Amino acid sequence: MKTADFLSLTGSSLLAHRLRSLLTALGIAVGIGAVVLLTSIGEGLQQFVLAQFTQFGTTIVAVNPGKATTAGTSAGVFGTERPLTIEDAIALEQLPYARAVVPFVQGNAAVEYAGLSRRTTIYGAGPAMPEAFRMAVAIGGFLPEDDPTAPRALAVLGSKLRGELFRDENSLGRRITIAGSRFRVVGVMAAKGTVLGFDLDDTVYIPAARAMSLFNVNGLIEIDVMYDEDTKVETVVEGIRRVLTARHGRDDVTITTQQQMLDVLGGVLDVLTFAVAAIGSVSLLVGAIGIVTIMTIAVNERRNEIGLLRALGARQSQVLSLFLGEAIVLAAAGGLAGLLLGTGLGQLLQFAIPALPVQPSLFYVVLAESIAITIGLLAGVLPARRAARLDPVEALRAE
Amino acid sequence: MIELSHIDRHFQVGDQRVKALDDINLHIGAGEYVSIMGPSGSGKSTLLNLIGLLDRPSAGSYRLDGTDVTALSDVEQAQVRNSQIGFVFQMFHLVPRLTAAENVALPLLLAGMTAEARQPLVASALEALGMADRSHHRPEQLSGGQRQRVAIARATVTKPRVLLADEPTGNLDQKAGGDVLAILEGLVDAGITLIMVTHDPAMGGRAQRQLAMRDGRLVSDEQGSPHGDP
């Protein structure tokens, strides 16, 4: 039998029962639509979260004081570990593959200028921060390379804070007061937006040593090391551990690579996407049962036709493929409609809630259509085999 | 051409074994016009189905043109049905969703012929039966007599050597039945081998050779006059 004839025979029997075929295909369409929509949301969420993290670059290792232990509380509570200091950061700069080392202190304080006051997040940082975190300075410059242990009282403003305090006024060179101390503004950062709820534009960056004395703390909360892309991350971690162990007398820091964070996060989000796909698959299963039902009915109704085809010289395999073909066409058409349905609803959702990223994943789209066709094949096998094995004499005699 | 020797065919019905055919020995030559008569349940349809390779004998041998066709595989038997045997049924058995032309084209399509190649064959088969102007009608738009003509066109489009007809006029009125019979007899004149099952003695009596069956056995085999003028 020629392919074109095969398709037209299959098509004609599906068209002979338009409503029935439509409803059966709809069952698959709803299932595929659900899978596509849910995985699109899952995938969108994943890409959104990963983008939030990787915007700072992936060649960063974070060093935090204290050992992360399984006891639940940081050992630091008991004060047995040594704090991370500016000197530790300076020592880490000596590592050959360390391109930028940024000491970090964070706190909240009121920032005042010309009678205006705004309580905001203060970051104590080092001059290498823009390079390490791919942040751009919009006006002026970032904190200069002063003596890290005794830097000048200079400040760089986040773009939002600058707007709030200075309006249209020029801020460069002006003196602001942070928690009672005076700082001179040397630069304004480019807008960066919020990351996971933190507004990076509503901040002030000051030298880490200044921030430590401002907040009266004796240690940094973190040192970030940006390393050469050519260097293996294990080498970097090993190097940092060696330097700090030598300085502290023992290994009392926690080192987290960006890649570790991404891996964990990606793993969690993968499971999430897979889980919603599984939920959608339940409706696919229901659709598959619909196909089995309809094809079983069709074989029963068309026993005469099957007997006739056999009498006219159709082989068992031809009868089998005709009915299998019908099941597959039903499922594939339903699958295509489901793809349109799912992506359409996704677009609609994106339009309605712009904050929720919807990203149709090509992988899942192809997978969904392949699954639809496979479902048609599986659902069609039993009825089609029954059709092929009918005794032609019995089949011709059926009422 | 058709040689049946010691053919048995039994069915298991419950715990009873029913002999539908019992030691049938029959030889039918090419171009013969044979009627098989008998009461219902006498095995005449079973014999026809067996000759048409829709059924296999429980015992005995069936040679078609010298080949033992009972030994053929399912695929080979399908091939023989497709190319050498035409069926005409009491219930017409047209596919309701296909037009007359599409129904006639079915055996050619199953054999893998392209649409271009089969188009003239289908047209001439319909033409020969006076159905050319109805080729795009669906079965439901045709009368009983017209439907049977389409069915005959379908049975003859492959130019088979044997035409098997099971009560071909059973669902037709007097007039249409007479027309259909005339068409079948016309095919005999053109050289086809016609084997027709009927329970109507008036119809069966028209055949050159008349077989009678009872309880699965051939009980008489008579040569009548051609086209049996009464």
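Chain A has a radius of gyration of 33 Å, whereas a compact globule of 399 residues would have one near 21 Å. The model is predicted. Along the principal axes, the C-alpha atoms of chain A fill a box of roughly 105 × 50 × 35 Å. Of the 399 residues in chain A, 41% are buried. Contacts in chain A with a separation of 6 or more were also examined by sequence distance; 82% of them join residues 24 or more positions apart.

The secondary structure of chain A comprises twelve helices and twelve strands. The domain assignment gives two entries for this chain. Domain 1 spans 3-52 + 263-397, and domain 2 spans 102-227. The C-alpha centres of domain 1 and domain 2 of chain A lie 57 Å apart.

Several strand pairings were found in chain A. Strand S2 (residues 98-113) and strand S3 (residues 116-125) of chain A pair in the antiparallel sense, over nine bridges. S2(A) and S3(A) form a hairpin with two residues between them. In the turn, Ala114(A) has a positive phi of about 50°. Tyr113(A) stands opposite Leu116(A) in S3(A). S3(A) is also joined to strand S10 (residues 203-207) of chain A by five bridges, and here the strands run parallel. Within this pairing, Tyr205(A) in S10(A) is the bridge partner of Tyr123(A).

Strand S1 (residues 60-65) of chain A takes part in two further pairings, with S11(A) and with S12(A). Four bridges link S1(A) to strand S11 (residues 222-227) in the antiparallel sense. There, Val61(A) stands opposite Val225(A). Strand S12 (residues 253-257) of chain A is joined to S1(A) by five bridges, again antiparallel. In S12(A), Ile255(A) stands opposite Val63(A).

Chain B contains an open sheet of four strands in the order S2-S1-S4-S5, with antiparallel pairing. Strand S2 (16-28) and strand S5 (67-68) of chain B stand at the edges; each has a single partner strand, so one side of each is left without a neighbour in the sheet. Inside the sheet, strand S1 (residues 2-13) and strand S4 (residues 59-64) of chain B run antiparallel and are joined by five bridges. Asp8(B) stands opposite Ala59(B) in S4(B).

The largest nonpolar core holds 116 residues, including members from chain A and chain B. Ala327(A), Val104(B) and Leu194(B) touch the most other members. Beyond its neighbours within four places in sequence, Ala327(A) is in contact with Ile291(A), Met295(A), Gly376(A), Ala379(A), Gly380(A) and Ala384(A). A second core is separate and has 53 residues. Among them are Ala109(A), Met129(A), Phe142(A) and Ile178(A).

The contacts between the chains were then examined. On chain A, 20 residues are in contact with 23 residues of chain B. Four helices of chain A give two or more residues to the side that touches chain B: H1 (3-16), H9 (303-311), H10 (316-352) and H12 (392-397). H9(A) gives the most, with five residues. By residue class, the side of chain A that touches chain B divides into ten nonpolar, six polar and four charged residues.

Key:
Residues numbered from 1 in each chain as written. Chains lettered and ligands numbered in written order. Predicted model: local features only at pLDDT ≥ 70, side-chain atom pairs only at ≥ 80, totals over all residues. Contact = placed C-beta atoms within 7 Å. Nonpolar A, V, L, I, M, F, W, Y, C, P; charged D, E, K, R; others polar. Rg over C-alpha atoms; globule rule 2.2 N^0.38 Å. Buried ≥ 20, exposed ≤ 12 C-beta atoms within 10 Å, placed from the backbone. Pairing = 2+ DSSP bridges. Core = buried A, V, L, I, M, F, W, Y, C linked by C-beta atoms within 7 Å. Domains from an automatic or database assignment.
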